[in-house]
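I opened my notebook to jot down what I could look up here.

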Amino acid sequence: MSKKLCNPFLLAALVLASIAGHAQPKPSFRVEGEVLKPRTLTQDDLLKWKTAEVKGKDRDGKEHVFKGVRLVDVLDSAGVTLGAKLRGENLAKYVLVKAADGYEVIFSLPEIDPEFTSQTVLLAYEVDGHPLAKGEGPFRMVVPSDKKQARWIRELTTIKVVFSKD
Amino acid sequence: MMKRKRPSVGMLAIATAALTMLLSFQTPDPAPQPYILNYPAYFGGRFTIPENNPMTREGVALGRLLFYEPKLSGNNRVTCATCHQQKLAFTDGKAFSVGVDGTLTKRSSMSLTNLLWVRNLFWDGRANGLEAQAVVPLTDPHEMGQSLETSVAKLKTDASYREKFAQAFGTGDITGENLLKALAQFERTLISAGSRYDKYLRGEYQPTAQELRGIDLFMTPPSPQRSIRGANCGHCHGTPKTFIELFHNNGLDTLPKDAGRETITGQAIDRGRFRVPTLRNITLTAPYMHDGRFATLTEVLNHYNEHVQPSATLSPFIAEATNAVGGKSLMLTETEKGDLLVFLQMLTDSTFINNPDFSDPRFLRSAKP
């Protein structure tokens with residue numbers, strides 16, 4: 001191992017890789033707010049999870065197959081009140097999803113929780129077998145039962161669980 | 001001895017009471033009066049006033065005075081109003097502004113209109129809240145060029161400021177923090193809601209046929225498959241506020257000279273993205289864009305219609321919008337552009353630019369050429 005590390009080319013490559021890594025951090029999104037474990041997730045993190053696929057009609061009017069992870073699993077990994085805990089005051093929480101351009105949409109937790117709904121809200125990173133296009137990815141929400149795609153938020157950067165304080 | 005002492009105690013009590021009365025006359029009850037914000041319901045209530053800076057009439061009045069105060073600049077000649085003139089909807093009519101050191105600012109002066117609803121200020125959205133915003137132009141060496149400490153020291157030489165800070169903040173101790181708070185309070189009052197478009201929204205004005213066509217085109221996303229024509233402006237400039245707080249690359253350059261929001265976030269996807277500004281009073285705020293490259297609104301419409309430049313971060317909402325099946329640009333007709341222009345003219349609010357509450361409170365100075 002130490003011999004390998006002494007290889008000047010490998011060292012140079014390692015240094016360059018670390019510089020490149022610093023200059024442009026891997027795209028990620030944040031899960032925060034009323035969660036037990038706030039976290040930042042990259043696509044590498046999601047690739048270790050159970051994948052999910054949904055079919056949905058995009059703005060082009062055509063049906064596509066989106067691949068990613070279930071939004072409910074993302075929320076669950078951060079310790080959001082779902083399943084048996086989604087009752088009482090926890091029903092007054094909402095999920096604020098933000099995009100890189102500042103666009104924001106909200107969901108209620110029962111719209112996402114499989115104990116309430118049979119639809120799968122997907123946090124997608126692939127469409128029809130390809131990574132999401134620039135301006136769309138690397139992360140996008142897909143809500144198959146929404147007839148308008150206004151909540152299929154592109155360039156997703158933040159998922160924040162918030163208590164309604166009204 | 002005893003007899004003499006008693007009256008002296010009584011005299012002391014009287015003297016104390018008199019002194020207390022005198023002091024109470026010198027410092028009248030300092031409780032400031034709340035400032036009641038007045039805005040139309042269609043602007044919505046999505047704004048936050050910091051808990052530690054509630055709006056008061058005294059705070060707003062002080063902020064207005066400071067907005068027009070040349071002592072806040074390094075050369076005692078520049079005020080906030082130099083680059084934010086009321087008659088131009090608080091812009092300066094220039095592509096870039098000249099700072100105290102004679103250099104030009106990096107970006108064009110923004111209109112100070114309906115900032116109550118803006119959460120991330122500046123073209124790149126770097127300041128969260130008006131208090132955090134105000135410190136930047138005050139202290140930037142290429143703008144007003146003076147530290148808050150120096151500004152505070154200069155204000156302290158004016159006794160009337162000590163009194164006004166006391167009235168606004170309950171303490172005559174002039175501080176940089178309270179200076180910023182007062183400016184923010186004044187800026188929150190700069191609400192423009194008296195245009196012809198507002199009168200239409202309130203049902204007090206019947207627009208002309210061309211104005212109605214303009215409103216419709218402005219707000220509608222085009223859908224050539226369904227034969228729906230639209231200019232798609234409302235995607236970013238929708239709602240009666242005529243802006244949604246978004247950051248978009250609107251296709252000015254393939255290789256932007258100014259990285260815009262990327263300089264704040266460090267993310268490549270933010271290259272060439274800038275905040276979507278309000279279009280309220282847009283006829284008064286030329287030249288347009290963050291670098292003032294367009295002198296007229298016709299040039300702006302031509303840009304969105306036929307000159308959008310492709311790049312990796314070009315907004316897909318601009319790239320995708322077209323009025324022709326398979327079209328590569330917006331493809332509006334000259335008549336439609338004329339209709340849009342007429343709608344943009346509806347957004348001019350003469351009551352806003354003439355509102356005496358927003359003008360220089362020192363009449364004598366404002367009367368000078």
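Predicted model: local features only at pLDDT ≥ 70, side-chain atom pairs only at ≥ 80, totals over all residues.

**Entry 1: aromatic rings**

Which residues do ring pairs link into a cluster? I found B:Phe67, B:Tyr68, B:Phe90, B:Phe186, B:Phe352 and B:Phe358 linked that way.

Then I wanted the total. Over all chains the count comes to 18 aromatic pairs. I picked out B:Tyr39 and B:Phe47, whose ring centres are 5.5 Å apart. Their planes stand at 85°, so I wrote the pair down as edge-to-face. I checked the accessibility of both partners. B:Tyr39 has 27% relative accessibility and counts as partly exposed, and B:Phe47 is partly exposed too, with a relative accessible area of 21%.

Next I took B:Tyr197 and B:Phe343. The centres of these rings are 5.1 Å apart and the planes are at 85°, so this pair is edge-to-face.

**Entry 2: positive phi**

I went back to B:Phe90, one of the residues in the ring cluster. Its phi is positive, about 65°, although B:Phe90 is not a glycine. I located B:Phe90 in the loop between helix 3 (80-83) and strand 1 (120-121) of chain B. B:Phe90 is buried, with a relative accessible area of 0%.

Which value does phi take in B:Asn281? I noted a positive value there as well, near 60°, again in a residue other than glycine. B:Asn281 belongs to the loop between strand 4 and helix 12 of chain B. I looked up the accessibility too: B:Asn281 is buried, with a relative accessible area of 0%.

**Entry 3: cis peptide bonds**

In chain A, the bond from A:Gly137 to A:Pro138 is cis, with omega near 5°. A:Pro138 lies in the loop between strand 8 (130-131) and strand 9 (140-142) of chain A.

In chain B, a cis peptide bond joins B:Ala286 and B:Pro287, and omega is about -5°. Where is B:Pro287 placed? I found B:Pro287 in the loop between strand 4 (274-275) and helix 12 (297-306) of chain B. B:Asn281, from my previous entry, is in the loop between strand 4 and helix 12 as well.

**Entry 4: helix 12 of chain B**

That loop made me look at the helix at its end. Which residues are buried in helix 12 of chain B? I listed B:Leu297, B:Val300, B:Leu301, B:His303 and B:Asn305. I then checked what covers them, and the cover includes helix 14 of chain B.

**Entry 5: B:Glu131**

I found B:Glu131 in helix 4 (residues 130-139) of chain B. B:Glu131 has a relative accessible area of 16%, and I put it down as buried because the cut-off is under 20%. What joins the side chains of B:Glu131 and B:Arg188? I noted a polar contact of 3.0 Å. Leaving aside neighbours within four places in sequence, B:Glu131 is in contact with B:Pro50, B:Asn53, B:Leu180, B:Lys181, B:Ala184 and B:Arg188.

**Entry 6: chain A by itself**

How many helices and strands does chain A have? I wrote down four helices and ten strands. Read along the sequence, the pattern of chain A is α-α-β-β-α-β-β-α-β-β-β-β-β-β. Chain A has 166 residues, and 42% of them count as buried. I also checked the contacts in chain A with a separation of 6 or more: residues 24 or more positions apart account for 58% of these.

**Entry 7: where the chains meet**

Last, I turned to the contact between chain A and chain B. Twelve residues come from chain A and 16 residues from chain B. The two chains bury about 1200 Å² between them, and 42% of that is on carbon and sulfur atoms.

How many salt bridges are there between chain A and chain B? I noted five salt bridges. I looked up the one between B:Glu320 and A:Arg59, where the closest N and O atoms are 3.8 Å apart. By class, the side of chain A that touches chain B has three nonpolar, three polar and six charged residues.

Methods: Residues numbered from 1 in each chain as written. Chains lettered and ligands numbered in written order. Heavy atoms only, no water. Contact = heavy atoms within 4.5 Å. Buried area = accessible area lost by both parts, 1.4 Å probe. Salt bridge = Lys/Arg side-chain N within 4 Å of Asp/Glu carboxyl O. Nonpolar A, V, L, I, M, F, W, Y, C, P; charged D, E, K, R; others polar. Helix = DSSP H or I, 4+ residues; strand = E, 2+ residues; numbered from the N terminus. Buried < 20%, exposed > 50% of the residue type's maximum accessible area, 1.4 Å probe, protein only. Polar contact = N/O pair within 3.5 Å; in protein donor to acceptor, adjacent residues only side chain to side chain. Phe/Tyr/Trp six-rings, centres within 6.5 Å; stacked < 30°, edge-to-face > 60°.
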